[in-house]
Amino acid sequence: GLFGEEAQPPIDVYQTPNEVVVKASLPGVKPEDVETTITGDTLTIKGETRATEEVKREDYLYQEHRYGGFSRSVSLPHALQSEKAEATFENGILTITIPRAEEAKPKTIEIKAKGALKGKEK
């Protein structure tokens, strides 16, 4: 199949100054059938897609929806507060929000000019 043995749900990962957000498209999956774990810098989304009704195989003209287990792992940036991660599930989209650790937030460093750094005068 297209995804190999297990379906691979499409995933978006983006970061804001305060958090990292992971969005996974899981159409047809119930929230209670999804498990998300963070181990070190790896987020794993596992779950199961269940067929809504049993249809005899020979009744299908096409079957492009995959049913069964899926698993997807994604590497996260360092310095996240994974213990404060939150997950929401709405309209088939799983959204996981992980706050960045304080030390990972960008800090502005003041640059002090030093006369000696301007290069030697000729």
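Helices (H or I, at least four residues) and strands (E, at least two) are DSSP runs, numbered from the N terminus. This is a predicted model, in which local features need pLDDT of at least 70 and side-chain atom pairs count only at pLDDT 80 or more, while totals for chains, interfaces and linings use all residues. Residues are numbered from 1 along each chain as its sequence is written, and side-chain values use heavy atoms, with hydrogens and water left out.

View 1. Along the sequence the pattern reads β-β-β-β-β-β-β. Of the 122 residues in the protein chain, 24% are buried, where buried means under 20% relative accessible area, exposed means over 50%, and partly exposed lies in between (1.4 Å probe, protein chains only). If a contact is taken as heavy atoms within 4.5 Å, then residues 24 or more positions apart account for 54% of the contacts with a separation of 6 or more.

View 2. Two strands are said to pair if DSSP finds at least two bridges between them. Strand 4 (residues 42-49) pairs with strand 5 in the antiparallel sense over 8 bridges, and Thr49 has Gly68 of strand 5 as its bridge partner.

**View 3. Four strands form an open sheet in the order 1-2-7-6, and here too the pairing is antiparallel.** Strand 1 (11-15) and strand 6 are the edge strands, each pairing on one side only. The twist averages 15 degrees from one strand to the next. Strand 6 is joined to strand 7 by 5 bridges, and the two run antiparallel; Ala87 has Ile96 of strand 7 as its bridge partner.

**View 4. The largest nonpolar core has 16 residues.** Such a core is a set of buried Ala, Val, Leu, Ile, Met, Phe, Trp, Tyr and Cys residues joined through side-chain atoms within 4.5 Å. The residues with the most contacts inside this core are Leu26, Leu43, Ile45, Leu94 and Ile96, and the elements that give two or more residues to the core are strand 2 (19-25), strand 4, strand 5 and strand 7 (93-99). Leaving aside residues up to four places away in sequence, Ile96 touches several residues, among them Val20, Leu43, Ile45 and Ala87.

**View 5. Gly92 and Asn91 lie in the loop between strand 6 (86-90) and strand 7.** Gly92 is buried, with a relative accessible area of 15%, whereas Asn91 counts as exposed at 75% relative accessibility. Gly92 touches Ala24, Ser25, Leu26 and Pro27, not counting residues up to four places away in sequence. Although Gly92 and Val29 are 63 residues apart in sequence, they are 6.8 Å apart in space, C-alpha to C-alpha. Most residues other than glycine have a negative phi, but phi of Asn91 is near 50 degrees, a positive value.

**View 6. Ala79 lies in the loop between strand 5 and strand 6.** Phi of Ala79 is near 60 degrees, a positive value in a residue other than glycine. With a relative accessible area of 30%, Ala79 is partly exposed.

Notes
Axes are lines fitted to C-alpha atoms, for helices over the stretch in contact, and angles run from 0 to 180 degrees between N-to-C directions.
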